[in-house]
Amino acid sequence: MLKQLLQGKPFGHPLHPILVHLPIGLFLLSFVFDVAGMIAGGGMDSFIRPAFYTMALGILGALLAAAPGLVDYSDIRRDHPAKPIATRHMLLNFAAVAIYIGNAAVRCSHWNQPRLGVLPFVLSLLGVGILSYSGYLGGVMVYDDGIAVGRHRRRGKTPLETIVPADQPRDGFVAVADEARLEDRQTLRAQVNGVVMTIAKVDGQVYAFQEFCTHRFGPLSEGCFEANGRIKCPWHGSCFDMRSGKVTQGPAKEDIRAFDVVVRDGKVMVRVPGD
Ligand code: FES
């Protein structure tokens with residue numbers, strides 16, 4: 001329940017991107033006060049306090065935005081191509097907040113000085129630089145990698161784990177799971193020889209194809225089954241033929257890889273893909 005709230009599900013919009021406007025705006029305003037104070041010269045002291053207060057509020061806002069951000073981060077699968085970017089985004093945000101906390105502490109210890117020291121100004125400059133780059137990475141995650149975009153998930157179960165087969169391949173095929181584990185109109189997700197793939201069963205027919213959509217890496221194991229053996233990406237609706245991997249509907253333009261799959265001795269077996 002709390003997780004759903006922090007993800008913004010009751011509001012129909014992720015919370016983190018809404019809340020981050022608060023600290024970003026306040027930190028930038030604090031920096032503007034610093035610059036205005038520099039320009040004002042003699043009247044500088046009238047800008048020092050507003051710069052401090054907006055910074056302190058910015059720190060509170062950043063801590064507020066961090067909670068839903070961490071929940072969103074924990075929800076990105078480890079094998080998703082955007083995970084390393086998300087990790088960088090998170091670490092940079094932590095670094096920026098730590099710098100602002102240090103900056104505020106320095107300003108507190110020089111509370112009665114009429115002029116802003118070099119160190120707090122440089123720390124503000126550094127904080128704004130880190131925030132800008134981290135914000136850019138946040139945009140990349142949403143617009144390029146579709147993080148927090150998913151809206152069209154299949155109703156019902158979607159696989160929670162990625163199976164890494166323990167058995168050795170036989171005749172080029174490796175056992176991924178017991179057939180009984182794969183119910184009709186359901187999917188499994190597996191990683192074979194470094195390739196993440198979806199195993200799907202529809203009307204008794206088993207298919208194996210690449211997990212990530214060629215448009216923006218949407219997870220096809222969470223997609224919807226369409227007529228004529230097609231899977232629809234849960235993010236922007238691209239459709240692929242599950243046998244051949246061919247795109248049958250955009251926005252994706254490139255086909256996905258499809259893999260040979262058989263059911264042998266009650267096991268679902270896929271051909272080990274080449275590198
Ligand atoms: S990620 Fe956009 S259609 Fe699949």
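Strand 2 and strand 3 (residues 195-202) run antiparallel and are joined by 7 bridges. Strands here are DSSP runs of E of at least two residues, numbered from the N terminus, and two strands count as paired if DSSP finds at least two bridges between them. The structure is a predicted model, in which local features need pLDDT of at least 70 and side-chain atom pairs count only at pLDDT 80 or more, while totals for chains, interfaces and linings use all residues. Residues are numbered from 1 along each chain as its sequence is written.

Within this pairing, Q186 stands opposite K201 of strand 3. An open sheet is formed by 4 strands in the order 2-3-4-9, with antiparallel pairing. Its edges are strand 2 (186-192) and strand 9 (258-259), each of which pairs on one side only.

A residue is buried if 20 or more other C-beta atoms, placed from the backbone, lie within 10 Å of its own, exposed if 12 or fewer, and partly exposed in between.

A180 lies in the loop between strand 1 (173-178) and strand 2. A180 is exposed, because 9 other C-beta atoms lie within 10 Å.
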